[in-house]
Each structure stands twice: as C-alpha cells, then as structure tokens.
Amino acid sequence: IIKPDAVRKGHTGAILSQIDQAGFRIVAIKRQSISKSEAEGFYYVHRERPFFNDLCAFMSSGPLVLMVLEKDSAIADLRKLMGATNPASAEEGTIRKKFAGSIQENAIHGSDGEDTAAVEIGYWFAGYELI
Ligand code: GDP
C-alpha cells in the first residue's frame, strides 16, 4: 500500500517506478480512499497499540494505492526496499528513507509474511481483480 502521506505529496509515480525497477510484477492496483473502520479491520493486530487510533485516522485521511505484487522472495525483498518502519532508521535509498516523514506517516505498507499477505490481499481485492 502506498500510504496517504506519499500519495498526498505526489510520490506515487516515483514509488511505483522503484517497485517496478526492483523486478516486482504488479498483479493488481487501485487508488481509493478507505473508511476508518476499514483501516481498523486491516490493522486489527495492532488494536491494543497506543497509536492504533491515530494510525487508522491517518490511513483513512486521503486516497492510497493498493497493490498486489509478485516476485521470487517478494515479501523479504519488498520489506528491504521499504526500509525500517521509522524512516530515521531506514537505510539510504529505501522508499521510507526517501519519501516518509515520520514513524506513522511512513509512505508504504508491505505484508510481513505469506499468511498475512494472503489475508491482506483478500481484504482489499476480489479474486477476479488478480490478473
Ligand atoms: P511495518 O510492518 O514496518 O509497517 O510496521 P508495524 O507493523 O510495526 O506497524 C504498522 C504501522 O503502524 C507502521 O507502518 C506505522 O505506520 C505505524 N506505527 C508503527 N509504530 C508506530 C509508533 O510507534 N507510533 C506511531 N504513531 N505509529 C507507528
């Protein structure tokens, strides 16, 4: 997910280009706004965290870009390309280092495992949208 901060700042194209150049195949993509309750469902695992309410308000604050990406070692490779959750600690050249403003408004989300990826893809996309 290209998060609302990055979309708002006009970084969508640059982030898509970096993902493309890293060898990912974009299987599905859509730009849309989500409701706060949709964000709450998506981030359900974080419901006890102190930042949960702010995070869900942020994720529903404007359009974002939802994607399904495919590649060998896609999960590990995207996490590497994204950089650390806190952009202050992210490696040079990573998407978060280049485009994120804070630990919350950190430009991009990527699934952290095959099981979570399966749930997250199903949360945003219907089977017929995956080409
Ligand atoms: P990720 O897998 O790198 O996205 O990180 P997490 O799964 O730990 O957290 C999910 C999202 O919650 C992050 O991408 C941030 O947008 C947000 N987040 C994580 N930690 C913090 C924090 O300490 N404060 C705030 N405000 N947001 C956070």
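By class, 16 nonpolar, four polar and two charged residues line the second largest pocket; Ala, Val, Leu, Ile, Met, Phe, Trp, Tyr, Cys and Pro count as nonpolar, Asp, Glu, Lys and Arg as charged, and the others, Gly among them, as polar. The model is predicted, so local features need pLDDT of at least 70 and side-chain atom pairs pLDDT 80 or more, while totals for chains, interfaces and linings use all residues. Residues are numbered from 1 along each chain as its sequence is written, and side-chain values use heavy atoms, without hydrogens and water.

Select Met67, Leu69, Ser111, Ala117 and Ile121: of the 22 lining residues, these lie nearest the centre of the second largest pocket. A pocket here is an open set of points on a 1 Å grid over the protein atoms alone, where a 1.4 Å probe fits, with protein on both sides within 12 Å along at least five of seven lines; lining residues have an atom within 4 Å of a point.

Next, colour β2 (64-70), α5 (74-82) and α7, the elements that give two or more residues to this lining. The largest share, five residues, comes from α7. Helices (H or I, at least four residues) and strands (E, at least two) are DSSP runs, numbered from the N terminus.

Now move to the largest pocket, which holds about 620 Å³ of space. Select Tyr43, Val45, His46, Leu55 and His109, the closest to its centre among 24 lining residues. Then show α3 (36-42) and α7 (114-124), which each give two or more residues to the lining. With four residues, α7 gives the most.

How values were computed:
Points joined across faces, edges and corners; volume = space filled by probe spheres on them.
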